[in-house]
Amino acid sequence: MELFNDMHEKVCNLSGVKEICITSTLKTGDKEISFQYRKDNTYAKDIKEEAYIRTDEDEFVIKQIEPSGDWYKCTGMMNIEEMEGKQFPTGFETVEKTAEDCCNEAISGTGWTVIFCGVKKKRTVRIEQNCSGWDVVQQVISTYRCEIKFDSIHKTIAIYEQIGENRGAYFMERLNLKKLQIQSNSYNFCTRLICIGKDGLMLNIGGKNYLENYQYSRKVKTCTWKDERYTDVESLREDGEAKLDELSKPYKSYTADIINLAEAVQDEEEKERYREVFEIALGDTVLLMSKSTGIRENHRIVKMYEYPQTKAKNKVELANTRLSFEEVQKTEQELS
């Protein structure tokens, strides 16, 4: 890792650190780094808030230093300062534009560029209060139901319908799954959704003004979703179907402590075989098998905790929707 001061001047190649953890989050595309260093580290005085840490893949801004005995814990956030510095004091709006066009307008002049966009639909993004370019890009993720990869070193943005793939990887007890924590609830469950756009725009599907999804239960539970950014009935229907797909089943998430078998073995041929079966990345779909809990389900990796120095501590979070628990709760506030 390289350390830079607050003026972006290189200080050193940082050594003598432990417990390096890089956390990657699917829903925002954001990353965080944390590590510990001794108080008597040669460069301890230079590791301070608003300095920069650069790894092979990302750059972070140091945001917090916490003392702990003879050590300090340092936490940094992915460097998106230029996007945060692009301010829209009176709000921001793009009407029926693509995700790429919206992002380009939000980040114009920041040095960041959109290098790929696989999302072709057009939507309206409207933020009525003061906001930043970063706020707008995060709104793009929500409005277009897309996923974004940020390259904080080269300052590029790639926009996808969905990141990751199904490589055939699986987590199984007594093999590569050490520990499993489960969260499941249906607080925000509904199977029938009335969708309302601008000026009372509503659906008409065979004389019905609502969508239905009974993938989990035949129970009829009706909610209303209203968003006045929608002026096109097909866009309202498409996004309503996607929203209902997430609300019509219980929210489930898992935190899994895993063993990287490809790193654990020494034989190169066996290592490659394990890599083919167990290689994973953020956004991938994996099969979760737990005999003790009776679980055999496919879920996406929505968060990764990677420890470069001690890979045995790696963890992932899995979920059955794009929404986190907090976002499901936010969706509940939208339903009225």
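Guide: Let's start with helix α4 (residues 233–247), which lies across β17, β18 and β19 and runs at about 145° to β17. Contact here means heavy atoms within 4.5 Å, and the angle, on a scale from 0 to 180 degrees, is taken between N-to-C directions of lines fitted to C-alpha atoms, for helices over the stretch in contact. Helices (H or I, at least four residues) and strands (E, at least two) are DSSP runs, numbered from the N terminus.

A word on the source: this is a predicted model, so local features need pLDDT of at least 70 and side-chain atom pairs count only at pLDDT 80 or more, while totals for chains, interfaces and linings use all residues. Residues are numbered from 1 along each chain as its sequence is written, and side-chain values use heavy atoms, with hydrogens and water left out.

Now, the sheet under discussion: it is open, has 3 strands in the order β18-β17-β19, and its pairing is mixed. β18 (210–212) and β19 (222–226) are the edge strands with a single partner each, so one side of each has no neighbour in the sheet. On average, neighbouring strands here are turned by 25° against each other, ignoring direction. Strand β17 (residues 192–196) runs antiparallel to β18, joined to it by 3 bridges; two strands count as paired if DSSP finds at least two bridges between them. R192 stands opposite E212 in β18. R192 also lies over the face of Y210, at 4.2 Å from the ring centre. For that label, NZ of Lys or CZ of Arg has to be within 6 Å of the ring centre and within 35 degrees of the ring normal. Elsewhere, K18 sits over the face of W71 in this way, at 4.0 Å from the ring centre.

On to the rings: the structure holds 8 aromatic pairs. Rings of Phe, Tyr and Trp (its six-membered ring) pair if their centres lie within 6.5 Å, with planes under 30 degrees apart called stacked, over 60 edge-to-face and the rest tilted. W134 and F150 make a tilted pair, 5.1 Å centre to centre with 50° between the planes. W134 belongs to helix α3 and F150 to strand β13 (residues 147–151), so this pair ties together parts that are 16 residues apart in sequence.

Among the buried ones are W134, V137 and I141. R145 follows α3 and has a positive phi, near 50°.

Helix α2 (residues 99–107) has A99, C102, C103, A106 and I107 as its buried residues. They span an arc of only 115° around the axis, which puts them on the same side of α2; the arc is that of the directions from the helix axis to the C-beta atoms. After α2 comes G109, whose phi is positive, near 85°.

Technical notes
Buried means under 20% relative accessible area, exposed over 50%, partly exposed in between (1.4 Å probe, protein chains only).
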